[in-house]
Structure formats: structure tokens, C-alpha cells
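Work through the following exercises with the structure in view, and try each task before reading its solution.

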Amino acid sequence: MYISRIRLKNWRNFRHLDFALDEQMYIIGPNASGKSNLLDALIFLRDIARPSGGGLQAAVTARGGLQKIRCLHARNDPEVRIEVFVSEVPGSASPVWRYALGLNQERRGRRRSVVSHEEVEHEGARIVSRPSKADAGDSELLTQTALEQIAENSKFRELARFLSEIAFVHLVPQLLKYPDLTGGIAVQDDPYGQGFLERIARAAPRVRDARLRRIQQALETAVPQFKEIRFVRDDVSGKPHLEARYAHHRPNAGWQREDSFSDGTLRLIALLWMLQEGSSVLQLEEPELSLNDAVVREIPALFKAVRAAAKRSRQVIATTHSDALLSNPGISSNQVLILEVGAEGTTGRLANEGEQMLLDAGLSPAEVLLPKTRAAGLTEFSQWQ
């Protein structure tokens, strides 16, 4: 399934945001415009929906409370709302599911976050509508969403499971290379790759080998002299490792472990693995980091090829500042969301009519759209003394 549309109200930087999503989506904008906060709206729903996540109250608390989440430009209507449309086909105008969640804060007492609005629709038929009569009789019920309650989400379990499996990856190679530096303490959900090797180890051997073969095919193209990748366990400690062989090494000394991989190679391996691991949305923070521009330019094609080989079609939403990535000819104008900062917060848009004419003439999103995200005073900044 795919998220075909997102609507936000009073979510962090965004007073209002409404946009359609394709199979791949690239979010561009100035620094501090809200790219990461936009990704976090879906992670927020994931945190509520996951069985061991602690639900609404834990998700809000992890973000510093509703006041930290609410847009600073919210005035007469302080409600925070997230609405997603889920389809079977990318970009479909006829969603299978619609989920909307609105939040407010208790006016007295413990000042908890409470559900002000919650709706679930399946193929246009409404199956959840809150506040309900039951909520009116017991206000405590509004401290939890129907999404997080097993008894309540039975009618839309498919949607709840899909949202609970949304993933976010921003691998930090040093955490993978030197896990002892963190004292073995991993961040919940491990978005930074501290437990990435254990993640690979948990996969069934046949599944693991098939995924690594696909990654190997991609790396043979992207990494000079690369020949082979394999999964091994340390003979003494039993810890999992990845090993790679390069063509220019001696036959008996050609295998290197992950702590000798380049940062870019590690990030690429993690991205390609995660692309194959699930069927829900995969969100990426600047996938171009540590990679050569020639490789970055091929990232959209690599993602597409791995998905096709794995018989999966996982939706990818990525933030980027990369000219090389947006130069890929496979990226269409409806796959790039431009964030713009104004006096009333951040707004988002696709290419306008003039920009579309330039794109239709053969220019790339890197040439037409990316320059629109650069700060107006950047030249003055470079002359600062």
C-alpha cells in the first residue's frame, strides 16, 4: 500500500499542508524549513500504532508535549491534525483508507493530550467517528486513539499494521563501526543503525542471502572494485558481521569487515537492505550523505531496481539537498515537494506552471526547483567577516 495524500494542520512548522505523494517523493527546502518535521508526522502515527509503542501519550511526551508539536502560528484554532490517505496504487485519487487524527490539550487537571477528532474510512464508508457517544460518557477514553487499541482497531487492523510498520533510516556509520562507543545503548527503533547487523542476523538465512545478492548487484555498479558481500558470525563472540571482497586484494586477504567499509558504502548497504525489509513507507534523511555524486545521481534508479528485483514496491519519502540526486532523469516534477518558509509558517508545493514548462523543455529538478530553496542572503553570508 501507499500513502497517496497527507494533510497537516498546526503540525510543527506547518499551519496548513496538503499534498499528494507518488511512489518516490523527494522533499526539498531551506534549512529549518521543516523537512524532518514533515517526516516526523508519519513517524508520530507509527509510534501510536505500534503494539509496544505506548500509544498517544507516549508519542506526544517523546516530542516534548503538545505545545512543542503545535505550530507557533496556530491562533484561533489550536487543534493539531494529521490526515493520511492510503491507496493500493501510487498516486491514486481513490484511496482505500483514510485516517484522520486531531489533538487538543485538556483545559484543566493533568493537561494531557486528548483526541478531539478521529475518523477512519474504508473505501468511502466511515467506520470510526470520534468523539462518540461512548467518549461523551467517559472522557478518559479520549486520552487514547482507536488506532492504538486492539479492541477498537479490529475493523481497520490492516491500516493500523501498515502505519505501525513505517520506517525511518538515517544511518550513522560510526555507530555501526564502533558500537562500543555508545555503551551498547541503542535509540528506540534504531534509526541510526546501531543494531543494523543484528537486524540482518534476525532475517531467515534464505531471505538474508537473497537480499544481500541484490545489494551485491547494486554495489558492483556503485563501488569501484567491489566484488562480493557476505554475512558471517565471529568464531569467538558469535557477533554478526558483514564482509566485503574487492578485486584489487590478494585472494586470501581480500575480505574486509564493516569497520573497514567507507561511510558511503555502509549507508548504501543499509538503505538497500531497508528498502527490501518491509512493505510500508520508508523515510530517509538525506540519502546522499557520504556518497560520491556519480552514485547519488543513480540512487532513484537503484531504489527502483531493488524494489523490482525483490517483487516489492515500497514507497520512499526522502529529504535531500543534493543537486546530483535531483539531476536523475527518472525523477518527475510530481515527485518533488518544495517547502517554502513564510510569515505564517512553512507551506509546500509542487512545480508551478512556469517551472513545469522548463522541466518539460528538458531541464532537471536540480536546475529548476532546487535553486528555489536557497536562502536569499547566501551571497552576503559568504562575504561576512
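**Exercise 1: Aromatic pairs**

Two aromatic pairs turn up when the whole structure is searched, where rings of Phe, Tyr and Trp (its six-membered ring) pair if their centres lie within 6.5 Å, and planes under 30 degrees apart count as stacked, over 60 as edge-to-face and the rest as tilted. This is a predicted model, in which local features need pLDDT of at least 70 and side-chain atom pairs count only at pLDDT 80 or more, while totals for chains, interfaces and linings use all residues. Residues are numbered from 1 along each chain as its sequence is written, and side-chain values use heavy atoms, with hydrogens and water left out.

Task: Classify each pair and place its residues in the chain.

Solution, step by step:

1. The ring centres of W11 and F44 are 5.2 Å apart and their planes stand at 55 degrees, so this pair is tilted.
2. Because W11 belongs to strand β1 (residues 2-11) and F44 to helix α1 (residues 35-49), the pair ties together parts that are 33 residues apart in sequence; helices (H or I, at least four residues) and strands (E, at least two) are DSSP runs, numbered from the N terminus.
3. W11 is buried, with a relative accessible area of 0%, and F44 is also buried, at 1%; buried means under 20% relative accessible area, exposed over 50%, and partly exposed in between (1.4 Å probe, protein chains only).
4. For F226 and Y246, the centres are 5.7 Å apart and the planes at 85 degrees, so the pair is edge-to-face.
5. F226 in strand β9 and Y246 in strand β10 are 20 residues apart, with F226 buried at 4% and Y246 buried at 9%.

**Exercise 2: Charges over rings**

Solution, step by step:

1. A charge sits over a ring if NZ of Lys or CZ of Arg is within 6 Å of the ring centre and within 35 degrees of the ring normal.
2. R208 lies over the face of F231, at 4.1 Å from the ring centre.
3. The charged end of R211 sits over the ring of W273, 5.0 Å from its centre.
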